[in-house]
Amino acid sequence: MVINEIYRQMCTVMAQNLNSDARFEADLLVEFVLGRKRIDIMGSDISAEDADRLLKFAQSRKEGYPLQYILGKWYFFDMELLVGKGVLIPRQDTETVCEAAFEIINKIGSPTVLDLCSGSGCIALAVKKYCPHSAVTAVEKSDEAYSYLEKNIAYTGLQVKPIKADVFGFDKSTAEKSIDVIISNPPYINPNFKGRMQTEVTHEPEMALFAENEGLIFYRYIAKCYKKVIKDKGFIVFEYGFDQQSAVKNILVEEGYNIIKEIIDLGGNTRGVVAQKQ
């Protein structure tokens, strides 16, 4: 079987999923299965087994199964991270939140950074890579996600301390005024939105997506209960949903934080905030 024909079939199948960039994804899948870029093997024969694998992956993408889970890895900044079912897929919008955090962290001498709801560890690992003088701790509750957090720490070789714990309560075991910067991309989708998500998103873990109190419960708890563990003049950096700007800002202001910066994502939407403890 010739790779060109299989590639055309893959693109035709995946194009039926409007969320799929069929040609781009077909190229990634060919390289994943065959170990070489498609452009380097154009016209070459492939085995029936490899052709079958490629077409099955294409069918999975047509049905909305995440490409990242098929590949078992995805990029965050220039870091290759391991991902799979049970862990939230790193997204480019979160990079803009990290960049805002980097600006703060790199102005602090020997900063202590706490990443809450760490998931794959993408935020914690990015902080350690781009703010290497920082001491970074990553907290995650889910068994599945925590396994990926540990794997990615080993995979990248970056020195991040993983802790398996529930954000609701971990504050009680954290020393007062010990943290310079808290960063969190918590679950923030209103449970009422279940059933209205893209098919790809429905394959990701619900506990990493949905949160009570109209998606705001983590922001309320962290802003209030972790306040005592943040140093004076320390910071909270939150990512939030596209429609949560006012609600999250109000929570922070009510708890006595000053809003330092609002973070704009790549689509021009306000998707995060930097706040400072007084």
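Which residue just after H3 takes a positive phi? I looked there and found Gly 64, with a phi of about 95°.

**Ground rules**

I am working on a predicted model, where local features need pLDDT of at least 70, side-chain atom pairs count only at pLDDT 80 or more, and totals for chains, interfaces and linings use all residues. Residues are numbered from 1 along each chain as its sequence is written, and side-chain values use heavy atoms, with hydrogens and water left out.

**Overall form**

I took helices (H or I, at least four residues) and strands (E, at least two) as DSSP runs, numbered from the N terminus. The protein has twelve helices and nine strands. Its C-alpha atoms fill a box of roughly 65 × 40 × 35 Å along the principal axes.

I checked the radius of gyration, taken over C-alpha atoms; the globule rule is 2.2 Å times the number of residues to the power 0.38. For 278 residues, a compact globule would come out near 19 Å. The protein has 21 Å, which agrees.

I then looked at burial: buried means under 20% relative accessible area, exposed over 50%, partly exposed in between (1.4 Å probe, protein chains only). Of the 278 residues, 51% count as buried.

For contacts I used heavy atoms within 4.5 Å. Among contacts with a separation of 6 or more, 66% come from residues 24 or more positions apart.

**Helix H3**

H3 covers residues 48-62. The expected span of a helix is 1.5 Å times one less than its number of residues. For the 15 residues of H3 that gives 21 Å, and its end C-alpha atoms are 21 Å apart, which agrees.

Ala 51, Leu 54, Phe 57, Ala 58 and Arg 61 are buried in H3. Seen down the axis, these buried residues fall within an arc of 130°, so they line one face of the helix. The arc is that of the directions from the helix axis to the C-beta atoms. On the other side of H3, I found Ala 48, Glu 49 and Lys 56 exposed.

What do the buried residues of H3 pack against? The partners are H1, H2, helix H4 (67-71) and helix H9 (199-202).

Arg 61 came up again at Ser 20, which touches Met 14, Glu 25 and Arg 61, not counting residues up to four places away in sequence. Ser 20 is in the loop between helix H1 (3-14) and helix H2 (22-34). Its relative accessible area is 13%, so Ser 20 is buried.

**Helix H7**

I ran the span check on H7 (residues 143-156). Its 14 residues should span 20 Å; the end C-alpha atoms are 20 Å apart, which agrees.

The buried residues of H7 are Ala 145, Tyr 146, Tyr 148, Leu 149, Asn 152 and Ile 153. They fall within an arc of 160° seen down the axis, so they line one face of the helix. The face turned away from the buried side carries the exposed residues Asp 143 and Ala 154.

The cover over the buried residues of H7 includes E2, helix H6 (122-130), strand E4 (135-140) and strand E5 (160-164). Just after H7, Gly 157 takes a positive phi of about 75°.

**Aromatic rings**

I searched the whole structure and got ten aromatic pairs. Rings of Phe, Tyr and Trp (its six-membered ring) pair if their centres lie within 6.5 Å; planes under 30 degrees apart count as stacked, over 60 as edge-to-face and the rest as tilted.

Phe 76 and Phe 77 make an edge-to-face pair, 5.1 Å centre to centre with 80° between the planes. Phe 76 is buried at 0% relative accessibility. Phe 77 is partly exposed at 22%.

Phe 77 also pairs with Phe 102: the centres are 5.7 Å apart and the planes at 40°, so the pair is tilted. This pair links distant parts of the chain, 25 residues apart. Phe 77 is in the loop between strand E1 (73-76) and strand E2 (79-82), and Phe 102 is in helix H5 (residues 92-105). Phe 102 is buried at 10%.

Which residues form one aromatic cluster? I noted Phe 76, Phe 77, Phe 102 and Tyr 130.

**Charges over rings**

A charge sits over a ring if NZ of Lys or CZ of Arg is within 6 Å of the ring centre and within 35 degrees of the ring normal. Lys 194 lies over the face of Phe 210, 5.1 Å from the ring centre. The charged end of Lys 227 sits over the ring of Tyr 257, 5.6 Å from its centre.
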